[in-house]
Amino acid sequence: MRPSTRAALERSAELTRSDRLVEGLETGERAITGATDNEAPEVTQWLHDHADDFLRDPES
């Protein structure tokens, strides 16, 4: 996966955790739709592995 794609997914998770859902979804969507066919499986795996990154820590 390109570093720019990974960074966008990480930013999407950060925005979503910060209650900036619309921005987070927009950022994630751009990363996902901009991914190449070769990146798609890795993006899918990253999303699966990092699903909890999109959830706000109840302790915060």
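**Close-up views of a predicted model**

**View 1. Ser-12 in helix H1 of the predicted model.** At 3% relative accessibility, Ser-12 counts as buried, because the cut-off for that class is under 20% relative accessible area. Ser-12 belongs to helix H1, and, when residues up to four places away in sequence are not counted, Ser-12 touches Gly-24, Thr-27, Gly-28 and Phe-54.

**View 2. The packing of helix H1 against helix H2.** The axes of H1 and H2, the latter spanning residues 21-34, come within 7 Å and cross at roughly 165 degrees. Since angles over 145 degrees count as roughly antiparallel, H1 is described as roughly antiparallel to H2. The contact is made on the H1 side by Thr-5, Ala-8, Leu-9, Arg-11, Ser-12, Leu-15 and Thr-16, and on the H2 side by Leu-21, Glu-23, Gly-24, Thr-27, Gly-28, Ala-31 and Ile-32. The crossing in which H1 passes H2 is left-handed.

**View 3. Arg-11 and its surroundings.** Leaving aside neighbours within four places in sequence, Arg-11 is in contact with Arg-20 and Thr-27. The C-alpha atom of Arg-11 is separated by 9.6 Å from that of Glu-23, a residue 12 places away along the chain.

**View 4. The packing of helix H1 against helix H3.** The axes of H1 and H3 come within 11 Å and cross at roughly 30 degrees. Because angles under 35 degrees count as roughly parallel, H1 and H3 are roughly parallel to each other, and their crossing is right-handed. On the H1 side the residues are Thr-5, Arg-6, Leu-9 and Glu-10, and these meet Glu-42, Val-43, Trp-46 and Leu-47 in H3.

**View 5. The largest nonpolar core.** Six residues make up the largest nonpolar core, namely Ala-8, Leu-9, Ala-31, Ala-35, Val-43 and Trp-46. Helix H1, which covers residues 3-17, and helix H3, which covers residues 40-49, are the elements that give two or more residues to this core. As general background, nonpolar side chains tend to be buried together in soluble globular proteins. Two members of the core, Ala-8 and Ala-31, also take part in the contact between H1 and H2, whereas Val-43 and Trp-46 are among the H3 residues that meet H1.

**View 6. Trp-46 and the aromatic pair.** A search of the whole structure finds one aromatic pair. The ring centres of Trp-46 and Phe-54 are 6.3 Å apart and the ring planes stand at 85 degrees, so the pair is edge-to-face, given that plane angles over 60 degrees are placed in that class. Trp-46 is buried, with a relative accessible area of 6%, whereas Phe-54, at 22% relative accessibility, counts as partly exposed. Not counting residues up to four places away in sequence, Trp-46 touches Met-1, Arg-6, Leu-9, Glu-10 and Phe-54. Phe-54 is also one of the residues that Ser-12 touches.

**View 7. Asp-19 in the loop between H1 and H2.** Asp-19 has a positive phi of about 60 degrees although Asp-19 is not a glycine. Most residues other than glycine have a negative phi. From C-alpha to C-alpha, Asp-19 and Arg-2 are 26 Å apart in space, while in sequence they are 17 residues apart.

**View 8. Ala-7 in helix H1.** Ala-7 is found in helix H1 and is partly exposed, with a relative accessible area of 41%. The C-alpha atoms of Ala-7 and Leu-55 are separated by 17 Å, and the two residues are 48 residues apart along the chain.

Definitions and conventions:
Residues are numbered from 1 along each chain as its sequence is written. This is a predicted model: local features need pLDDT of at least 70, side-chain atom pairs count only at pLDDT 80 or more; totals for chains, interfaces and linings use all residues. Side-chain values use heavy atoms; hydrogens and water are left out. Rings of Phe, Tyr and Trp (its six-membered ring) pair if their centres lie within 6.5 Å; planes under 30 degrees apart count as stacked, over 60 as edge-to-face and the rest as tilted. Buried means under 20% relative accessible area, exposed over 50%, partly exposed in between (1.4 Å probe, protein chains only). A nonpolar core is a set of buried Ala, Val, Leu, Ile, Met, Phe, Trp, Tyr and Cys residues joined through side-chain atoms within 4.5 Å. Helices (H or I, at least four residues) and strands (E, at least two) are DSSP runs, numbered from the N terminus. Contact means heavy atoms within 4.5 Å. Axes are lines fitted to C-alpha atoms, for helices over the stretch in contact, and angles run from 0 to 180 degrees between N-to-C directions. Angles under 35 degrees count as roughly parallel, over 145 as roughly antiparallel, 65 to 115 as roughly perpendicular and the rest as oblique. A crossing is left-handed if the near helix is turned anticlockwise from the far one by less than a right angle, and right-handed if clockwise.
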